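Welcome! Here is a short walk through a structure that may be new to you.

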Amino acid sequence: MTWLIVTREVREFYRDGRFLFGAGLVAVLFITAFLVGYEQRQNVFSEREVAQQLDYDDWINQPERHPHDAAHQGMHVFKPIPPLSFVDPGITNYVGSTQWLKAHRQTEVKFRPAQDATGLQRFGSLTPAWVIQVLGPLLIIVLGFNSFSGEREQGTLRQLISLGVPSWKLLRGKALALFLGAFLLIAPLLLFSVWAVSGDDLAGSRHDTLIRSGFLVLGYLVYLGIFIFVTLAVSALTATSRISLIVLLAFWIIGTTLAPRALVDVARMVYPIPNQAEFNTQLNQELQREYAEAWQEHFGTDKRWGSDVPLSRWGEALRVDDYAGYDAIDRHFGALWDRYEDQRRLQEFFGLLFPMLSIRSYSMAMSATDFTHHRDFATSAEDHRRLIQDLISSNLTQHADGHGERHFDYKVGKEFWSKVPRFEYAAPAAFFALQGSLNSLGVLLASLLISIAFAFWSSRNLI
Amino acid sequence: MKSFSLILRNEWRIMIADKSLILVCTLLTLLLSYGFFIGLSEAVSRDERVRELVSQQERGQSGIVEQIQRIVSGHEKPDVFANPLNPALVGSGLGSLYAIMHSGALSPLALGQSDLLPDHYRVSTRNKTTFMYQTENESPWNLLTGRFDPVFVLVYLLPLFIFAISYNLLSSEKEQGTLRMQLSHPVTLQTLMFGKLFARLVPVLGVTILAVIVPFLILRGDAVMVSGQLPHLVVAIIIIGAYGFFWFAVTLFVNSFGFSSASNALILVGTWVFLVLVAPVLLNVFVSRMSPAPSRIELATETRLITIDGLNRYHELLSSDYRHIKDSSMLVPSDGKFEVPERLQAFYLINKAVDEKIETLLGDFESRLRAQQDLVERFGFVSPSVLTYEGLVSLAGTGTRRYQDFKQQVNDYHREWKEFFEPRIMSGQIVTVADFEKLPRFTWQEPDVSILLAGSLAKALQIFLATVVLFALGFMRLAKVDVL
């Protein structure tokens, strides 16, 4: 019986051309988005790979020089591109891609691609994720808004019920038909991912990418599922197809365009962040305090790099100075980044009403393009910088400090350069993403359950 | 004409009775006011931040001047790395000044690129990569989402309100069976439809324009007048008006086919999805493929290579020992001369070399971005939303071009700054109190207003053209009886 309903619904979709037209349009956009994203990723990926290699080669082959000067040259590390970034680039365009590991101070991850684009990008980017998140629900609404109300208008609903078809079976059949439509939308995502992974010897193990793809598809099915049940529920409740359509469109528009922006304001109000100037002032004040304390403790003076500390102790001083700052830097950046995460989490909770808010963040996490993944990269790049600094300062303490006044005559060569390991960044595994997405996934599942309950409740009495 | 005004009055009476018009106008006013509130609070906090930076800078400068006086008069011994007499240190950070672009009077209208691109740089003798990439603290998630500013309400939501109130202009009359009755009066279908349309258009656009103008005049009136940006406001209103007319023309055109209300709603939302959501995104793909940004990775690699080259070239200078540490009398000038530590000279030269080398690369970035912006303007006609957004953002002074002009001016200022310090660093002249008076200062030059206004008017004109075409097509279709 259920299959009878499903086939009848699907046939109806095809007959009035709605499905072919809507899904066709979505599919064209979807495939374009895939190809554009995939090609871009391929280009940037190979470029970064080469640059990273060259960078390390130059480091190893630099001539003999004072280690601290070498630290001024530093090393660039480039953020690897996650395999699934072509499905959902997430915040990639709004965060930097390159970190210059240099002496003295933690540097920001620089070069946001968004800075090299026009204001048009603020309308959004054409990505497969965008197509599913924004246009997917619309397609479902267009297909399903008259599921019940249309039959009611034509009088066929009464006939069906009089035949003894239980309303829950009707609901199940119609939902399955819509799911079929949704799956057709998602199927290319699955296929493309598998294809991309199979021909891919790029970063991240295939296994991990497959797990991520699986969860991604699952998340999107839940997301579209919510809209399927809401659509059916509204169609069952409303008197005419026109009202059903208007209500659903309003729900879709509020959820996909209005709510995300309004909630940015809410999040900024609940979790305010200091502006750059305030942040720097606070950080610098604390750094000055910590430096003064550390120098006082070790060298009996609170003046950094002054005449009170002889050159024969500069290697030691470098180490003391570095370590004095780490704590304050970690605390301040940590607090700022925690705030970003808090803001995101707050918005995710509103996914209960507007599922777009939770799927967006879930999808980014699964594609490894969210802030949590970015933070993981920035932290390990900074760890690498500290490692280089440690190697340099301990080398200076052991050797250069003995040179006394001629401290800067001291030089090291290849033997020392090769002690600095290559920066090997292993992107976190799928489990890491899942752990960070418990919140958004939980919200998505909860709204699916609510929408199912809503659909069953509203279809209990169809006439 | 008489029947037209009769239709108008009749429509108003109905819409006031069923409260739909009041609801739409109230919601629109509320959303626009909220957008204005967000835009204004961002503009105010940006202005405050700039004021705070300037006062911090002034405090810092006067502190340095006092310190110089103390050192010269022998009351204080300077530090090696914070010696205010040392031109290499003053130029590279100690005395750095901000280059600031002030926000425009209309900036609450559209946040545009202002949350992404910096409106101030702290210029020093170091190379551009060290200070040109400072960014404001903002969660990338928020940058990706965008903000709830007036331009968002206008570009995205205004069309939807127009649909809400006029999607069933003709179909509702047909569905209720009142159309035949109406047409039994001596009135044509065209007059009837235009009457119904104008009964909606006038209040909706009137409220929209008032909701934009009134808060500006009340809360930003002085700023608008003082900065002479009243013409900007007028042009902004023309664009908003044109955009509103366009969407009314779309509803008339769709209605003229005589479909059912549900079909009209679907077609209108489909049009909205295409013109507001999809077309700009596709145009963005097109633009970034036609004029792709050069590789930032190449820039990073180039910067590093030239730094290595500098480290090799100035090897000797860099190896010079820090005699200054031991012999602090070297930190104090004699006869206005002073021995700038050779390491610092070397770092200045390395930075200079980096700047020279990456100049073409950075220029390439800018020219590509300019080309992208040109393309956006040339092909903006694909969507009135793009035209409206671009027009309003540039009038608000938060568009890509203004930020590019700012970068260009900072570029020139950076050169001026280095020219001021280079002879002092290389010949070891000390920085005096008088020098602080003579330090080059940045003043933001607003680009040519007439170009901006003409460009924005051209955008409004393009929208008007599309509107006229749609109105004419709708009018012709309505003349056919088969609509009934």
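In helix α2 of chain A, the buried residues are Gly22(A), Phe30(A), Ala33(A), Phe34(A), Gly37(A), Arg41(A), Val44(A), Arg48(A), Ala51(A), Gln52(A), Asp55(A) and Trp59(A). Here a residue is buried if 20 or more other C-beta atoms lie within 10 Å of its own, exposed if 12 or fewer, and partly exposed in between, with C-beta atoms placed from the backbone. Helices (H or I, at least four residues) and strands (E, at least two) are DSSP runs, numbered from the N terminus.

This is a predicted model, in which local features need pLDDT of at least 70, side-chain atom pairs count only at pLDDT 80 or more, and totals for chains, interfaces and linings use all residues. Residues are numbered from 1 along each chain as its sequence is written, while chains are lettered from A and ligands numbered from 1 in the order in which they are written.

| Helix | Residues | Value |
|---|---|---|
| α2(A) | 18-60 | 62 Å from first C-alpha to last |
| α11(B) | 261-290 | 16 residues on the side that touches chain A |

Next comes a strand. Both faces of β1(A), residues 75-78, are covered: Met75(A) and Val77(A) are buried on one side, His76(A) and Phe78(A) on the other. Strand β1(A) runs antiparallel to β2(A), residues 98-101, and four bridges join them; strands pair if DSSP finds at least two bridges between them. Opposite Phe78(A) stands Thr98(A) of β2(A).

How many residues does each chain bring to the contact? Chain B brings 73 residues and chain A 72, where contact means C-beta atoms, placed from the backbone, within 7 Å.

The largest nonpolar core has 205 residues, of which Phe161(B) and Leu392(B) touch the most other members. Such a core is a set of buried Ala, Val, Leu, Ile, Met, Phe, Trp, Tyr and Cys residues joined through C-beta atoms within 7 Å. Beyond its neighbours within four places in sequence, Leu392(B) contacts Leu109(B), Ala110(B), Val151(B), Ala236(B) and Ile239(B). A second, separate core of 28 residues includes Trp314(A), Ala381(A), Ile392(A) and Phe423(A).

Finally, consider Val10(A), which lies in helix α1(A), residues 2-15. Why is Val10(A) partly exposed? Because 17 other C-beta atoms lie within 10 Å of Val10(A). Not counting residues up to four places away in sequence, Val10(A) touches Ala177(A) and Leu180(A).

Terms used. Contact = placed C-beta atoms within 7 Å. Expected span 1.5 Å × (residues − 1).
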